[in-house]
Amino acid sequence: MKLPSSIATVVALCLARANAFSVLETRRTQTVTTSALHMTTSSSSSNGASRRDFFAQSTAAAAAVAVASSSIFVPTLPASAATSGAGKVNAKLAAYGLPPVVAPSDGFISLLDIYGKGKNRTPLLVTFNHPLSWVVTLPSNTVNGEDGTIQAGDYGKGDTATLFVYNDAGAGDISSNDITKAPKELLETVLKKSIGQRGDNMYQNFKITKLEPGTGNYYGDQKYVTVDFKYQLLTGAGFEVDRKGVASITSEGDKNKAIQVLWAASTAARYKKTESTLRDIVASFRCYADGLNLSSELVTFDE
Ligand SMILES: *[C@@H]1O[C@H](CO)[C@@H](O)[C@H](O)[C@H]1NC(C)=O
């Protein structure tokens, strides 16, 4: 079923909300998702109801996390502050002996953050550039560990760039530790997990449309692969929203198992307008794990 674009926007918004992980983002979009719900419930009462439950639960859960984390966070560690701006990002990279970030295009800003500050994850230093106006969300940490990911987006339009870390590659899946030689099936599996990271039934007809080695100036022996793809997002009300995106994929740290993805996508209808922005974002993606002592970046709790 195809949608008029106004409804598609609301639906994309709704789904962008489902993709946004941080408590802050949950709060920011709460009023918007409420109005979106009226549309989905009127289109399909049964699915709309379960969607309403989903939002009600996730909002309650987010509130609980907010209350819990405010009393649990170690005060000296800001809960969610990425390093931003090429100056600060490059100073931090230099302190780790790493090369500067890809120079941001006009209207872009550089971001650096550590994914995996919690005890349940392996720390990874991540940088990329994103449009200045986009809202950044970061993983949240509680005493139980870290949840969520690094994401930037213009959520109202459904334009997003999201980090995904895949830890389930089998030994030998990435031949010679070279992601550019990884089988297309593996990249497809990883990308499907990336776009479905908030639930497996939210998309259909996923297809890789282009696959080529990254052409950036990479540090050391790092390798990246650039993948174009498209898929249809499914909404709780049974609508489909065509989306197109591009991803940059690498394998750092545990090279036989860990695969890191920065994927950026928008609605297919907006892709003509967004493509160069999305490509710019993923082309600037770099992550580092090997040989870095990130222990001072980690979140620790008094136990
Ligand atoms: C890593 O850095 C911390 C200080 O931030 C230091 O205490 C620790 O010994 C270092 N670990 C290694 C393996 O060098």
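Reader: Which residues are in contact with L191, leaving aside its neighbours within four places in sequence?
Author: With those neighbours left aside, L191 is in contact with F206, I208, V227, F229, A247, I249 and V261. Contact means that heavy atoms lie within 4.5 Å, so each of these residues has a heavy atom within that distance of L191. The model is a predicted one, in which local features need pLDDT of at least 70 and side-chain atom pairs count only at pLDDT 80 or more, whereas totals for chains, interfaces and linings use all residues. Residues are numbered from 1 along each chain as its sequence is written, and side-chain values use heavy atoms, with hydrogens and water left out.

Reader: What makes a group of residues a nonpolar core, and which residues have the most contacts inside the largest one?
Author: A nonpolar core is a set of buried Ala, Val, Leu, Ile, Met, Phe, Trp, Tyr and Cys residues joined through side-chain atoms within 4.5 Å. The largest has 27 residues, and L191, Y231, I249, I259 and V261 have the most contacts inside it. Strand 8, helix 6, strand 9, strand 10, strand 11 and strand 12 each give two or more residues to this core. Another core, of 24 residues, lies apart from it and includes L138, A152, L163 and Y271. In soluble globular proteins, nonpolar side chains tend to be buried together.

Reader: Why is T160 called buried?
Author: Buried means under 20% relative accessible area, exposed means over 50%, and partly exposed is in between (1.4 Å probe, protein chains only). T160 has a relative accessible area of 3%, so it is buried. This residue lies in strand 8. Residues up to four places away in sequence not counted, T160 touches W134, Q151, A152, G153, Y155, R243, W263, A264 and A265.

Reader: How many residues of strand 12 are buried?
Author: The count is 9 of 9, so strand 12 is largely enclosed by the rest of the structure. Strands (E, at least two residues) and helices (H or I, at least four) are DSSP runs, numbered from the N terminus.

Reader: What makes the contact between the side chains of S266 and T274 a polar one?
Author: A polar contact is a pair of N or O atoms within 3.5 Å; within protein, one atom must be able to donate a hydrogen and the other to accept it, and residues adjacent in sequence count only if both atoms are side-chain atoms. The side chains of S266 and T274 make such a contact at 2.8 Å, so the distance falls within the limit. S266 is found in strand 12 and counts as buried, at 0% relative accessibility.

Reader: How do you know which strands pair in the open sheet of 7 strands?
Author: Two strands pair if DSSP finds at least two bridges between them. The order is 4-7-8-12-11-10-9, with antiparallel pairing. Strand 4 (135–137) and strand 9 (203–213) each have a single partner strand, so they stand at the edges with one side left without a neighbour in the sheet. The twist averages 25° from one strand to the next. Strand 9 is joined to strand 10 (residues 224–234) by 8 bridges, and I208 stands opposite F229 in strand 10. Strand 8 is joined to strand 12 by 7 bridges, with Y166 opposite I259. Between strand 11 and strand 12 there are 8 bridges, and V261 is the bridge partner of I249. Each of these bridge counts meets the requirement of at least two, so these strands count as paired.

Reader: What is the angle between helix 6 and strand 9, and how is such an angle defined?
Author: Axes are lines fitted to C-alpha atoms, for helices over the stretch in contact, and angles run from 0 to 180 degrees between N-to-C directions. Helix 6 (residues 184–195) runs at about 130° to strand 9, and lies across strands that include strand 8 (159–166) and strand 12 (259–267). Helix 7 (residues 268–283) runs at about 150° to strand 12.

Reader: Which strands stand at the edges of the open sheet of 4 strands?
Author: That sheet has the order 1-2-3-13, with antiparallel pairing. Strand 1 (83–84) and strand 13 (286–288) are its edge strands, each pairing on one side only.

Reader: Which residues surround the ligand?
Author: They are N293, S295 and S296. A residue is near a molecule or strand if one of its heavy atoms lies within 4 Å of it. An N or O atom in the side chain of N293 is 2.3 Å from an oxygen atom of the ligand, and a polar side-chain atom of S295 lies 3.3 Å from a ligand oxygen atom.
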